[in-house]
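My notes follow in the order in which I looked.

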Amino acid sequence: MSNELYSERKFIFMTLDPIHIGTGGTNLGIVDNTIMREAGSNIPIIPGTSLSGAAKMYAAMFMGDLDAAGSKKPKSTENPVSYTFGYINGSGSKQTSKAGVVSFSDARIVLFPVCSSEGTIWVTTRAMLNEIGFDVKGLGPDEEKAYHLGGTDENSKIKIGWLFIDVENIAIEKPKLDGLAEKDEWKVVEQKIYIVSDKLFTQIVNDNLETRTSVAINPETGAAEDAALFTYEAIPRATWFISKVIQDDFRSTGFKTAMESYKGNERTRDWNSPMDVVRTGFKVIEFMGIGGMTTRGFGRMTIISGGEN
């Protein structure tokens, strides 16, 4: 059983449905229920706490002991899910707890889909492409221009929403992150990626989020409740995210001991480290979703890179 004490894995996700990670309240404005944003950039994110909670829940479901995901005491705290994510049981003097051995960064947008005069394209920034293994440090500092990756035509213009900006075609190497260049999903988007400045990226993303309207239904009449109309925003499908997961397991034989102590189903026999437990939880998000509105067709996303090793 291989179990590194310290490792870092970058996971690339693509949303299959719109994603709504709410702020937990309503706002006075165009949209009632807004989504989580990064404070410094105002760009939507999926918080690390949401990723951790979903991964823990689905890994526990896969293991066959849902109590390992909640506040109830599981059948045994010596199990791979409790070891990976930690646990807290009971209250007062009877409370027991243990810290987990993995930590999650917020998932940030790498590629964002928008409608343009050239059809659907994906916009990004120089910094985010560097995260997935591109070397684009030599680009000019022009904040009013878009750079088309892999473009071979003459330089032109493109209309993105209300923006009409100059386009410069550039050729760069393929991404070096975990065989990303060989993925079918990457081959679909690689000729449709445009790099814009951080300033334009924030504007483009916030101007092209999904906004939906719903209404509460009166269960007795089956009709809409009076004054119960509300709006909510979401990150659109086909958005690409990146998140880092760090395994910091100072107990060199701890996971092995937890696996030996756990008497569960055979589906967990391929778990060799806490990172394998996280990866399993992430894979189930493709079917069960993350965030709010999952019963309304929201929440699913799939692993593009980071789940195969």
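Predicted model: local features only at pLDDT ≥ 70, side-chain atom pairs only at ≥ 80, totals over all residues.

Entry 1, the domains. I looked up the domain assignment of the protein chain, which gives domain 1 as 7-106 + 239-305 and domain 2 as 112-210. I then took the C-alpha centres of domain 1 and domain 2, and they lie 30 Å apart.

Entry 2, the extent of the interface. I found 17 residues of domain 1 in contact with 19 residues of domain 2. The size of an interface is often given as the accessible area lost when the parts come together, so I looked that up next. Between domain 1 and domain 2 the buried area comes to about 1,500 Å², and carbon and sulfur atoms give 64% of it.

Which residue forms a salt bridge with Glu131? I noted that the partner is Lys10, with the closest N and O atoms 3.6 Å apart. For the interface of domain 1 and domain 2, the rule finds 1 salt bridge. I also recorded 4 residue pairs in polar contact between domain 1 and domain 2, with both residues at pLDDT 80 or more.

Entry 4, the domain 1 side. On the side of domain 1 that touches domain 2, the elements giving two or more residues are β1 (6-15), β14 (240-248) and β15 (301-305), and β1 gives the most, with 4 residues. Sorting that side of domain 1 by class, I have 9 nonpolar, 4 polar and 4 charged residues.

Key
Residues numbered from 1 in each chain as written. Heavy atoms only, no water. Domains from an automatic or database assignment. Contact = heavy atoms within 4.5 Å. Buried area = accessible area lost by both parts, 1.4 Å probe. Salt bridge = Lys/Arg side-chain N within 4 Å of Asp/Glu carboxyl O. Polar contact = N/O pair within 3.5 Å; in protein donor to acceptor, adjacent residues only side chain to side chain. Nonpolar A, V, L, I, M, F, W, Y, C, P; charged D, E, K, R; others polar.
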